[in-house]
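Open your viewer and get ready to click along.

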Amino acid sequence: MIHWRLLFAAVTCLGIHASGFAQGPSPGPASSCVSADAITPLHLYGLWQLRLWPEGEPEDRWSSEGAMLFERHPEFPGSVRGQLRRSATGNDLTALVSGDVEGGEFTLDESTDGVRIDAVWTGGLPPQACGREIRGVRQPAETTGGPALNFVLRKVPGWQ
């Protein structure tokens, strides 16, 4: 088994380009479509492309992109844990993430130090995306400041 950190590093070193977003999610065969309310943490495991843009702006005016890798949370079986890596003005950002999906609702905590929460992500799974896309808002914690950002996560093919 390939260690997920090695795989994550390889993917982020190669860079994630906008061309992956132009195509949108590929729903695959109709029989493989999972309804949003049936998505469990198991469906989230794997690598996801990420794009963030300011609230009130169109998605094509994105301000940051990157990737998240989700795996089983070692302490809470009904949750996911993973890492975030994304571009930012002048540097790249990395953070730990931990969250849940229930009834089609997605929540995630982001922490750069593994102790304090820097942002909270809330969103939903569009029914037409068959569990391969999550859309919502990343809201920074009061202590970190910054603007709220819309986000879209799209599952990288091969992790279905």
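Before our opening stop, a definition: on a 1 Å grid over the protein atoms alone, a pocket is an open set of points with protein on both sides within 12 Å along at least five of seven lines, and lining residues have an atom within 4 Å of a point. Grid points are joined across faces, edges and corners, and a volume is the space filled by probe spheres set on the points. What you see is a predicted model, where local features need pLDDT of at least 70 and side-chain atom pairs count only at pLDDT 80 or more, while totals for chains, interfaces and linings use all residues. Residues are numbered from 1 along each chain as its sequence is written, and side-chain values use heavy atoms, with hydrogens and water left out.

**The largest pocket**

Select Arg-86, Ala-88, Leu-93, Arg-138 and Leu-149: of the 20 residues lining the largest pocket, these lie nearest its centre. The space there is about 350 Å³. Strand 3 (80-88), strand 4 (91-102) and strand 7 are the elements giving two or more residues to this lining; strands here are DSSP runs of E, at least two residues, and helices are runs of H or I, at least four, numbered from the N terminus. Strand 3 provides the largest share of the lining, 4 residues.

**Strand 3 and its partners**

Next, colour strand 3. Strand 2 (residues 64-72) pairs with strand 3 in the antiparallel sense over 7 bridges; two strands pair if DSSP finds at least two bridges between them. Pick Ala-67 to find its bridge partner in strand 3, Arg-85. Strand 3 also pairs with strand 4, antiparallel over 9 bridges. There, Gln-83 stands opposite Leu-96 of strand 4.

**Glu-133**

Now go to strand 7 (residues 133-140) and select Glu-133. Is Glu-133 buried or exposed? Glu-133 counts as buried, because its relative accessibility is 5%; buried means under 20% relative accessible area, exposed over 50%, and partly exposed in between (1.4 Å probe, protein chains only). Show side chains, and you will find Glu-133 in a polar contact of 2.8 Å with Arg-135 and in another, also 2.8 Å, with Arg-154. A polar contact is a pair of N or O atoms within 3.5 Å; within protein, one must be able to donate a hydrogen and the other to accept it, and residues adjacent in sequence count only if both atoms are side-chain atoms.

**The disulfide**

Last, select Cys-33 and Cys-130, whose sulfur atoms lie 2.0 Å apart in a disulfide (a pair of cysteine sulfur atoms within 2.5 Å). Cys-33 sits in the loop between helix 2 (19-22) and helix 3 (41-44) and Cys-130 in the loop between strand 6 (119-124) and strand 7, so the pair ties together parts 97 residues apart in sequence.

Definitions and conventions. 1 Å grid on protein atoms, 1.4 Å probe; cavity = no way out; pocket = protein on both sides within 12 Å on 5 of 7 lines; lining within 4 Å.
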